[in-house]
Amino acid sequence: MDTAAPQQPAAPVAPKPSAAAYRNLVVATIGFALTFWAWNLVSPLSGEFKDRLGLSSFQQSFLVAVPVIVGSLGRIPVGALTDKYGARLMFPAVSALTIVPVLLLIPAKDSYGAMLAVGFLLGLGGTTFAIGIPLVNSWFPPSDRGLALGVFGMGMGGVALSGYFTPRIAKHSDDLPFLIVAGALLVYALLAAFLITDRPDRPVPADTLVHRLTEAGKLRVTWELSALYAIGFGGIVAFGVYLPTYLKTWYEMSPTDAGTKAAGFALVTVVFRPIGGYLSDHVHPALVTAGALLLAALMAIVQAFDPALNPGGTIALLAMAAGLGTASGSVFALVSQVTPQPKVGSVTGIVGAMGGLGGFVPPLVMGAIYSAKGSYSIGFMLLSDLALAGCVYAYGRMRNIQRDSG
């Protein structure tokens with residue numbers, strides 16, 4: 001008589017991403033970087049526009065801000081439209097439509113009013129983030145989703161590419177950067193129309209755009225994630241905008257050296273975004289977010305005491321960049337886990353918009369405090385308070401949200 005215990009069924013093997021998943025990830029990341037380059041075409045040339053058009057500092061800042069604000073808010077409807085129509089239609093369409101304002105920058109560059117109008121249209125390039133997140137999210141299983149979303153998020157490096165290459169290309173011809181980016185967008189849009197594919201079993205919502213956005217807005221996690229992303233990605237945007245000014249003002253660096261340091265900060269945030277996603281595949285992303293924001297908070301406190309730039313200030317700023325980059329990657333790993341698949345685009349649009357808008361408050365606060373007190377210390381302490389609050393909330397509330405089942 002056989003008394004051997006019955007064999008336990010083997011544990012299910014986690015599905016591996018398909019070749020189509022990797023193809024879509026690569027194509028979407030390239031498109032994200034390229035459209036973000038287009039989105040940031042005005043900022044690197046704003047000094048030239050200021051001289052050409054005789055702009056005040058406020059007019060110059062407003063010219064730079066218009067595409068960013070429109071691009072951030074535009075993610076809300078674009079994310080909802082992606083839920084409905086899919087990335088296969090939306091990515092090539094938005095990339096192709098972005099060509100129009102890029103080329104319109106050529107005749108508009110001699111008129112401030114025309115530049116503002118074109119800048120408004122140029123905001124379209126900043127919306128592709130809300131297309132790529134639901135696309136990547138649908139193709140990758142939960143075990144690999146965090147890293148995949150982090151890799152896609154590296155496309156935000158397109159802003160840094162624009163900052164470096166656009167003024168250098170413009171030295172050869174004023175119109176050349178716009179012509180090159182428009183041509184690249186055209187080639188990409190044609191290739192994306194063939195290479196980007198939606199997952200065959202992708203759930204397609206049947207309700208209206210307004211209803212989907214309303215339902216996404218009713219989800220508590222939408223606003224919780226928005227707050228965390230506003231701290232993580234908003235911090236990245238804020239430092240990208242304000243770090244050169246801070247380094248030139250406080251450490252008396254030359255514009256070139258300040259720009260180089262700022263580029264290093266941006267590079268660290270780009271590199272650590274997929275690291276945040278990778279860690280979130282193995283540890284609950286709320287814990288990763290809490291740890292990353294704690295690091296950013298501690299480094300902000302260090303910087304508030306005005307350490308010498310080398311090595312103390314440099315280490316503090318780069319470690320802060322690592323924390324903020326990691327948090328921006330882990331928050332979207334959390335989005336993918338707690339959001340119903342048909343609503344990922346809508347929620348991504350709102351969260352992404354809040355992250356982009358969150359970057360405009362800190363530079364205003366830092367500038368106002370420096371003007372009033374002649375010091376940045378209070379500003380850094382406020383940043384540390386905000387990051388610490390996000391850390392506590394991520395650990396205390398968000399870690400209790402369980403992973404989805406796939």
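Leu147, Leu267, Val271, Ile275, Tyr278 and Leu279 make a nonpolar surface patch of about 490 Å². The model is a predicted one. Helix H12, residues 255-282, gives the patch its largest share, with 5 residues. Tyr278 is one of the patch residues, and its place is in helix H12. Its relative accessible area is 42%, so Tyr278 is partly exposed.

Now turn to the charged side chains. The count of salt bridges comes to 6. Start with Arg52 and Asp110. Their side chains meet in a salt bridge, at 3.1 Å from N to O. Arg52 lies in helix H2 (residues 46-53), while Asp110 lies in the loop between helix H4 (87-108) and helix H5 (112-122), so the pair ties together parts that are 58 residues apart in sequence. Arg52 has 31% relative accessibility and counts as partly exposed. Asp110, at 53%, counts as exposed, because the cut-off for that class is over 50%.

Glu224 and Arg220 meet through their side chains in a salt bridge of 2.7 Å, N to O. Both lie in helix H11, residues 220-250. They are 4 residues apart, about one turn of the helix. Which of these two partners is buried, and which is exposed? Glu224 is the buried one, at 6% relative accessibility. Arg220 is exposed, with a relative accessible area of 52%. Salt bridges that share partners also build a network, which joins Arg52, Asp110 and Asp174.

Arg199 and Asp201 make another salt bridge. Here the closest N and O atoms are 2.8 Å apart. Arg199 is partly exposed at 31% relative accessibility. Asp201 is exposed, with 53% relative accessible area.

How do helices H4 and H9 pack? H9 spans residues 176-195. The axes of H4 and H9 are 9 Å apart, and the packing angle is about 165°. An angle over 145 degrees counts as roughly antiparallel, so H4 and H9 are roughly antiparallel to each other. Their crossing is left-handed.

Val344 has 1% relative accessibility and counts as buried, because the limit for buried is under 20%. Val344 and Ser72 are 272 residues apart in sequence. In space, their C-alpha atoms are 17 Å apart.

Two backbone features remain. Most residues other than glycine have a negative phi, and most peptide bonds are trans. Asp306 has a phi near 55°, a positive value in a residue other than glycine. Where is Asp306 placed? It is in the loop between helix H13 (285-304) and H14. Asp306 is partly exposed, with a relative accessible area of 27%. The other feature is a peptide bond. From Asn310 to Pro311 the bond is cis, with omega near 5°. Pro311 is found in helix H14, residues 309-338.

Technical notes: Residues are numbered from 1 along each chain as its sequence is written. This is a predicted model: local features need pLDDT of at least 70, side-chain atom pairs count only at pLDDT 80 or more; totals for chains, interfaces and linings use all residues. Side-chain values use heavy atoms; hydrogens and water are left out. Patches are made of residues with over 30% relative accessible area and no salt bridge: like charges are joined within 9 Å, nonpolar side chains (Val, Leu, Ile, Met, Phe, Trp, Tyr) within 5 Å. Accessible areas come from the Shrake-Rupley method with a 1.4 Å probe; for residues, only the protein chains shown count as cover. A salt bridge is a side-chain nitrogen of Lys or Arg within 4 Å of a carboxyl oxygen of Asp or Glu. Helices (H or I, at least four residues) and strands (E, at least two) are DSSP runs, numbered from the N terminus. Buried means under 20% relative accessible area, exposed over 50%, partly exposed in between (1.4 Å probe, protein chains only). Axes are lines fitted to C-alpha atoms, for helices over the stretch in contact, and angles run from 0 to 180 degrees between N-to-C directions. Angles under 35 degrees count as roughly parallel, over 145 as roughly antiparallel, 65 to 115 as roughly perpendicular and the rest as oblique. A crossing is left-handed if the near helix is turned anticlockwise from the far one by less than a right angle, and right-handed if clockwise.
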